[in-house]
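Here is a short tour for anyone opening this model for the first time. Have a look at the sequence and structure, then read on.

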Amino acid sequence: PASDPDLVERARKAKEALGDRLFVLGHHYQRDEVIQFADVTGDSFKLAQQAAARPEAEFIVFCGVHFMAESADILTGDGQKVVLPDLAAGCSMADMATFDQVEECWEALEDAGLAGEVVPVTYMNSSADIKAFCGRNGGVVCTSSNAKRALDWAFEQGRKVLFLPDQHLGRNTAVLEMGMSLEDCVVWNPHRPGGGLTREQLDRARMILWKGHCSVHGRFTPESVDDVRARIPGVNVLVHPECRHEVVLKADHVGSTEHIIKTLQAAPAGSSWAIGTELNLVKRLATMFPDKNVSFLDRTVCYCSTMNRIDLPHLVWALESLVLGDVVNRITVDDDTAHWARVALDRMLALP
Ligand code: 13P
Ligand code: SF4
């Protein structure tokens, strides 16, 4: 549905009143009614780079999910305040790796004599304390745009990687981009003693994948790909690397959100595309490229419910509160966590 014109006007006025004091960042999975007010849109990597782009802005309103707002707080200056318009905008994948669980896993790896051999790599989609864990233990953050480069770097530092928290991004990158085999990858289940792995499995593995996944991308199936190919002759299937390995194997192209947009930009007019990523973005792509036939890979898969928590009423509330001098829903990361998370984020931002 079209945005409520009254709310659109209120958001516009509040933005105007705040002027250069305000910088609004919007992830590609945000609703259209919200993304229209973003000063910069991007995938997680671009938004992490952009967070620090406006040091003069007092308020950074982050239209995305909690872990992204935490990263923005870590990467921006002391005087800058980061606001998440709805605090319920979390990420189920990030919640699948808690600090205590990861510490327990690390201790078990040390007990198995693997200390010094394993480098922790965490996907951006993780809480600040997991990023800090990686910073403290010689590891790095990655996003879906640079996972291969981060893993190349990690394998220069050690023989094995503990990849948190998305098993699919870890497996897809290792197998499809780095020439590893499925046998090189094992899955650490935090709900089983010893991760559910034997000593031999840990000794043999090169990639220890955390048992986490995206509740949106994880819903596409190999049958989704078969069905769309039967429905749309000549269709190109383009999916995000958070999709399951069997889905990515059946697709024609795989890449981050930003890569998906660029691929469609470069595609010839009249070509057909089935996209396996979040629905807000797929709908926007269909509008942006009317000369191409853009469809959703599986019509039974839903929006990301937490990305969708940020809607126009919440954005208007956050902006109007700032105009009145009230910083609502501020996201802050404590100094020690921020320091070590920044070490891991800076290692990512310095990757070649
Ligand atoms: P990217 O922005 O890195 O493509 O990640 C997708 C995602 O799921 C963000 O929550
Ligand atoms: Fe988390 Fe998946 Fe939603 Fe991204 S799309 S915020 S990974 S649940």
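## Around the two ligands

Start with ligand 2: its shell has 8 nonpolar, 4 polar and 1 charged residues. Cys-91, Met-93, Cys-214, Val-216 and Cys-304 come nearest among the 13 residues around ligand 2; a residue is near a molecule if its C-beta atom, placed from the backbone, lies within 6 Å of it.

A quick word on the source: this is a predicted model, where local features need pLDDT of at least 70 and side-chain atom pairs count only at pLDDT 80 or more, while totals for chains, interfaces and linings use all residues. Residues are numbered from 1 along each chain as its sequence is written, with chains lettered from A and ligands numbered from 1 in the order in which they are written.

Ligand 1 has a shell of 2 nonpolar, 6 polar and 2 charged residues. Including Asp-43, Phe-45 and Glu-242, the residues around ligand 1 also take in Cys-214.

## Strands side by side

Helices (H or I, at least four residues) and strands (E, at least two) are DSSP runs, numbered from the N terminus. Two strands pair if DSSP finds at least two bridges between them.

| Strands | Sense | Bridges |
|---|---|---|
| β10 (residues 236-239) and β12 | parallel | 4 bridges |
| β12 and β13 (residues 293-296) | parallel | 4 bridges |
| β8 and β9 (residues 207-210) | parallel | 4 bridges |

Strand β12 (residues 272-276) is mostly covered, with 4 of its 5 residues buried, meaning that 20 or more other C-beta atoms, placed from the backbone, lie within 10 Å of a residue's own. Ile-275 in β12 is the bridge partner of Leu-238, and Ser-272 stands opposite Asn-293 in β13.

There's also an open sheet of 5 strands, in the order β6-β5-β7-β9-β8, with parallel pairing. Its edge strands, β6 (140-142) and β8 (185-188), each pair on one side only.

Helices α8 (residues 147-157) and α9 (residues 167-178) have axes that come within 10 Å and cross at roughly 80 degrees. Axes are lines fitted to C-alpha atoms, for helices over the stretch in contact, and angles run from 0 to 180 degrees between N-to-C directions. So α8 is roughly perpendicular to α9, the word for angles of 65 to 115 degrees.

Key:
Nonpolar A, V, L, I, M, F, W, Y, C, P; charged D, E, K, R; others polar. Parallel < 35°, antiparallel > 145°, perpendicular 65-115°, else oblique. Buried ≥ 20, exposed ≤ 12 C-beta atoms within 10 Å, placed from the backbone.
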